[in-house]
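This briefing sets out points to check on the model shown below. Please read it with the sequence and the structure in view.

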Amino acid sequence: MITDDVPLDELAGSWDEIREEYYDFRNDAYDRTVLDCAAQLAEDPGGESACVWTIGLLMMAPYVAGAPGDGVVSAARSALEAADGALRDRPCGHETHPYQEHEPEFDEDLGRQLCGLYDPDAAWHENHPREQWLCPRNVAGLARIALDIIEPGSASDVPPRLPVGAQDTIASLSALLHGYPEPGTDIESEIGIHAEELRSAEPADLPGRLLVAMAVAWYAASDFVRNSAVLDELISALETTLPHYADATCTHDRHPAPPRSGPNAAALGIKLSSPAGRALYERDRTRTDPLDELLCPVALSEITNDAMRALVGRREELH
């Protein structure tokens, strides 16, 4: 038996629930399920059932990347690293493997696919045959995808995906900047969060965070915000950013304008605020602008100053 006493479809169902409810932080039942799965994988990371437990941890990885209980992250990560180490160099004759094209939207199919892998009578209409899914090198690749979800940037040879929560941030920001914030949103706190994100951003993530701050500044400079302390917080973050571009020069003939829509500018900024997001932008870029032009330091200096002028003008109105 691949899964001892628990039917595979029941396991897949419990893992799929956690995949869908990944934002349910510190759920004791979810923690136990992850720990049980990790323990099974760690017991025999190169064995026949490694594919089952690896897919289970991949399905639950967004929850693990959030805020699980103590020891959950380390247990999942250790088991996945063990599986990757045990399986990635096994010989195989396959030219491709499913993990190489496994995009985030495919996660919702994993439970069904897992059950089909071990049921020879089940219909199988996937792009890759079962043997390629069960190939040790594919299982190792799936383990690296799970590791990359838990710790973004930890695997370089898997399809890039936005960090967990980035899409939720884009959605909540879009609602706010459209003027219809999600129920329960503290507008001033939300603006403050993005001011702090800009202030504390790593150099590579700074341009993306600046685009977010620019979009939020347009909103803050409107009639929606009447608390000057909120404006001061954004202005302070932008002042912290300006020295990074004080001596900026370039040889570009032109600089593409950032999106004119606040929600679109914020979404682009969130995307460009992580290595995976930048990789996705470059991978999917066809008619869009090259990053070195869009995020040129001279252009970013202009964006910073424009946002500063809008905020200072609004602050003067309030006083």
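In this predicted model, the largest pocket has a volume of about 540 Å³. Its lining comprises 22 residues, and Pro104, Asp107, Arg161, Leu162 and Gln167 are those that lie nearest the centre of the pocket. The second largest pocket holds about 380 Å³ of space.

**Largest pocket**

- Helix 1, helix 8 (166-177) and helix 13 (275-284) are the elements that give two or more residues to the lining of the largest pocket.
- Helix 8 gives the most to this lining, with three residues.
- By class, the lining of the largest pocket divides into ten nonpolar, two polar and ten charged residues.

**Second largest pocket**

- The second largest pocket is lined by 16 residues. Those that lie nearest its centre are Ala166, Thr169, Glu197, Arg209 and Ile270.
- Two or more residues of this lining come from each of helix 8 and helix 9 (187-199).
- The most is given by helix 9, which supplies four residues to the lining of the second largest pocket.
- Six nonpolar, six polar and four charged residues make up the lining of the second largest pocket.

**Enclosed space**

- The structure holds one cavity of 30 Å³ or more.
- The largest cavity contains about 40 Å³ of space.
- Its lining consists of Asp148, Ile149, Pro152, Arg161, Leu162, Pro163 and Val164. By class, these comprise five nonpolar, no polar and two charged residues.
- Arg161 and Leu162, named here in the lining of the largest cavity, are also among the residues nearest the centre of the largest pocket.

**Packing of helix 1 and helix 3**

- The axes of helix 1 (residues 8-20) and helix 3 (residues 50-64) come within 7 Å and cross at roughly 20 degrees. Because angles under 35 degrees count as roughly parallel, helix 1 is roughly parallel to helix 3.
- On the side of helix 1, the contact is made by Leu8, Leu11, Ala12, Trp15, Asp16, Ile18 and Arg19. Helix 3 takes part through Val52, Trp53, Gly56, Met59, Met60 and Tyr63.
- The contact of helix 1 with helix 3 has ten nonpolar, one polar and two charged residues.
- Helix 1 also gives two or more residues to the lining of the largest pocket.

**Thr185**

- Thr185 is placed in the loop between helix 8 and helix 9. These two helices are the elements that give two or more residues to the lining of the second largest pocket.
- Is Thr185 buried, partly exposed or exposed? Thr185 counts as partly exposed because its relative accessibility is 28%, and the partly exposed class lies between under 20% for buried and over 50% for exposed.
- Thr185 and Ser172 are 13 residues apart in sequence. In space, they are 8.5 Å apart, C-alpha to C-alpha.

**Overall architecture**

- The secondary structure of the protein chain comes to 15 helices and zero strands.
- The C-alpha trace of the chain spans about 75 × 45 × 30 Å along its principal axes.
- Of the 319 residues of the protein chain, 47% count as buried.
- Among contacts in the chain with a separation of 6 or more, 75% are accounted for by residues 24 or more positions apart.

Definitions and conventions:
Residues are numbered from 1 along each chain as its sequence is written. This is a predicted model: local features need pLDDT of at least 70, side-chain atom pairs count only at pLDDT 80 or more; totals for chains, interfaces and linings use all residues. Side-chain values use heavy atoms; hydrogens and water are left out. Axes are lines fitted to C-alpha atoms, for helices over the stretch in contact, and angles run from 0 to 180 degrees between N-to-C directions. Angles under 35 degrees count as roughly parallel, over 145 as roughly antiparallel, 65 to 115 as roughly perpendicular and the rest as oblique. Contact means heavy atoms within 4.5 Å. Ala, Val, Leu, Ile, Met, Phe, Trp, Tyr, Cys and Pro count as nonpolar, Asp, Glu, Lys and Arg as charged, and the others, Gly among them, as polar. On a 1 Å grid over the protein atoms alone, a cavity is a set of points where a 1.4 Å probe fits but cannot get out, and a pocket is an open set with protein on both sides within 12 Å along at least five of seven lines; lining residues have an atom within 4 Å of a point. Grid points are joined across faces, edges and corners, and a volume is the space filled by probe spheres set on the points. Buried means under 20% relative accessible area, exposed over 50%, partly exposed in between (1.4 Å probe, protein chains only).
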